[in-house]
Amino acid sequence: IGMAEVLRDTTSLDFRQTECVDAIVSNGVSMLSLINDILDFSKMEADKLELEIAPFSVREVVEQAAGVVQIKAEEKGLQLVVRVHPGLPRRCVGDAVRLKRVLLNLLSNAIKFTHEGTVCITCKADERRQGYILEVEDTGIGLTPAALSRLFQPFTQADSSITRRYGGTGLGLVISHRRFVKSDVKSPGSTWALH
């Protein structure tokens, strides 16, 4: 991935060559994400997943995750809204890398399953638990309660037509759900909350 980015950024490529290198980078990032999901899932199954405990800015993680998916949202004509409530503590302690991965999974799914409208990520204080609530809400296709019950099974999606139409492995939400996520499904659209 890194060498493909160097090739793209430091050499003179024509339009077709640039498209090919962009495809290499995009597919490499997708493959890396899949490998990381499988590794995390394997560690969770073996009860060996250790979260990093280090100070970080939740605001920065939210803004970075939104920045990664912004172009995809724009390509689909969707509005990506980021709401970070004022008064949040500047720093918190936890695993910023895994939090960002969960947010990216939720945002990517929201964009994938939303054909028009809005995807919104909101970050606010959770005073009851002295932490944060991060919500990803979309105006997408939503889920039935029956589909939701299947959604958190490893390597399973809401229904088999989802895999054919949208792709995916059925691991991202399993990993996210076991670690952080609660869902509120409505039709159309959905809201996924991290506490």
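## A residue in the core

Leu 107 touches Ala 65, Ala 66, Val 69, Leu 80, Val 119, Ile 121 and Val 136, when residues up to four places away in sequence are not counted; touching, or contact, here means heavy atoms within 4.5 Å. This description rests on a predicted model, in which local features need pLDDT of at least 70 and side-chain atom pairs count only at pLDDT 80 or more, while totals for chains, interfaces and linings use all residues. Residues are numbered from 1 along each chain as its sequence is written, and side-chain values use heavy atoms, with hydrogens and water left out.

Leu 107 is also among the residues with the most contacts inside the largest nonpolar core, a group of 26 residues in which Val 58, Val 62, Leu 103, Val 119, Cys 123 and Val 136 are listed in the same way. Two or more residues of this core come from each of helix H3 (58-75), strand S2 (79-84), helix H4 (96-112), strand S4 (118-126) and strand S5 (131-138). A nonpolar core is a set of buried Ala, Val, Leu, Ile, Met, Phe, Trp, Tyr and Cys residues joined through side-chain atoms within 4.5 Å, and buried means under 20% relative accessible area, with exposed being over 50% and partly exposed in between (1.4 Å probe, protein chains only). In soluble globular proteins, nonpolar side chains tend to be buried together.

## The chain as a whole

The protein chain has seven helices and seven strands, where helices (H or I, at least four residues) and strands (E, at least two) are DSSP runs numbered from the N terminus. Read along the sequence, these elements follow the pattern α-α-β-α-β-β-α-β-β-α-α-α-β-β.

Of the 195 residues in the protein chain, 38% are buried. Among the contacts with a separation of 6 or more, 67% are made by residues 24 or more positions apart. The accessible surface of the chain comes to about 11,500 Å², and 54% of it belongs to carbon and sulfur atoms; such areas come from the Shrake-Rupley method with a 1.4 Å probe, and for residues only the protein chains shown count as cover.

## Salt bridges

Five salt bridges are found in a search of the whole structure, a salt bridge being a side-chain nitrogen of Lys or Arg within 4 Å of a carboxyl oxygen of Asp or Glu. In one of them, the side chains of Glu 19 and Arg 16 meet at 3.5 Å, N to O, and both residues lie in helix H2 (residues 15-45), three residues apart, which is about one turn of the helix. Glu 19 counts as partly exposed because its relative accessibility is 36%, whereas Arg 16, at 54%, counts as exposed.

The side chains of Arg 98 and Asp 95 meet in a salt bridge at 3.1 Å, N to O, and both of these residues are buried. Another salt bridge joins Glu 135 to Lys 124, with the closest N and O atoms 3.7 Å apart. Glu 135 lies in strand S5 and Lys 124 in strand S4, so this pair ties together parts that are eleven residues apart in sequence. Arg 8, Asp 9 and Asp 22 are linked in a network of salt bridges.

## A buried threonine in a loop

Thr 114 lies in the loop between H4 and S4, and it counts as buried because its relative accessible area is 0%. Leaving aside neighbours within four places in sequence, Thr 114 is in contact with Lys 76, Leu 78, Val 119, Asp 138, Thr 139 and Gly 140.

The side chain of Thr 114 reaches the backbone oxygen of Ala 110 at 2.5 Å, and a polar atom of this side chain lies 3.4 Å from the backbone nitrogen of Gly 140. A polar contact is a pair of N or O atoms within 3.5 Å; within protein, one must be able to donate a hydrogen and the other to accept it, and residues adjacent in sequence count only if both atoms are side-chain atoms.

## Places in helices H3 and H4

Glu 74 is placed in helix H3, where its side chain makes a polar contact with the side chain of Gln 70 at 2.9 Å. Ala 96 is found in helix H4 and is partly exposed, with a relative accessible area of 23%. Apart from neighbours within four places in sequence, Ala 96 is in contact with Phe 56 and Val 61.
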